[in-house]
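Here is my note on the model. Please read it with the structure open.

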Amino acid sequence: MTAAREMTLKRLLVTFLVFFSSPVFADHEAEDQARASKAEAMYEGYKRSFPGVRDISAEEAMKHYREGTVIFVDEREPEEQAVSMLPGAIKSKEFLSNPSRYNEKLVVGYCTISYRSGILARKLQKKGITMVNLRGGILAWLHAGGKVYRDGRAVNEVHVYGKKWNLAPSSYQAIW
């Protein structure tokens, strides 16, 4: 390795270390952890509205996504879905038109924090259709490092339904 290249690499390393140890980065990290905790607490409160509905963590849902064994069902409004959706997600209307089409997949419903999808999962359960609920919704997905997409491209925007649910990671632009 040339001396100039080695010096460039050292400068990059120092810049990286300074940035990631800076108070600004630490503040964002602490803020994101607080937002994730608040979203989790909100979900726990909402969960009382759909007892008996099984939920799944974002990390577990990601594992199923990587294995190709999941279909995400988005239970949000069209204007929310237009901003971004989970990878490969379908709209609930599409799912409801033919739920048996997805019998070979783990069906995971979600919305902003998974209240609306929990209600949908409860209704479907009464009809004998199994849908698990994404614990903490799209917010939990983002806090776990998941990406959202619009027109097949990863984006850093997410519709959070309203100001009360403005709990997306700081690297995302929240829209409501």
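1. Helices and strands here are DSSP runs, numbered from the N terminus: H or I over at least four residues for helices, E over at least two for strands. D151 is found in the loop between β6 (148-150) and β7 (153-155). Its phi is near 55°, a positive value in a residue other than glycine. D151 counts as exposed because its relative accessibility is 71%. The classes are buried (under 20% relative accessible area), exposed (over 50%) and partly exposed (in between), with a 1.4 Å probe and protein chains only.

2. This is a predicted model: local features need pLDDT of at least 70, side-chain atom pairs count only at pLDDT 80 or more, and totals for chains, interfaces and linings use all residues. Residues are numbered from 1 along each chain as its sequence is written, and side-chain values use heavy atoms, without hydrogens and water.

3. Y161 also deserves a look. The residue lies in the loop between β8 (157-159) and β9 (173-175). Phi of Y161 is near 75°, a positive value in a non-glycine residue. At 43% relative accessibility, Y161 counts as partly exposed.

4. Now helix α6, residues 116-126. Its buried residues are R116, S117, G118, I119, L120, A121 and L124. They pack against α4 (78-81), α5 (92-97), β4 (106-110) and β5 (132-134). Just after α6, G128 takes a positive phi of about 85°.

5. Last, the whole chain. There are seven helices and nine strands. Of the 176 residues, 42% count as buried. Take contacts (heavy atoms within 4.5 Å). Among those between residues at least 6 apart in sequence, 66% join residues at least 24 apart.
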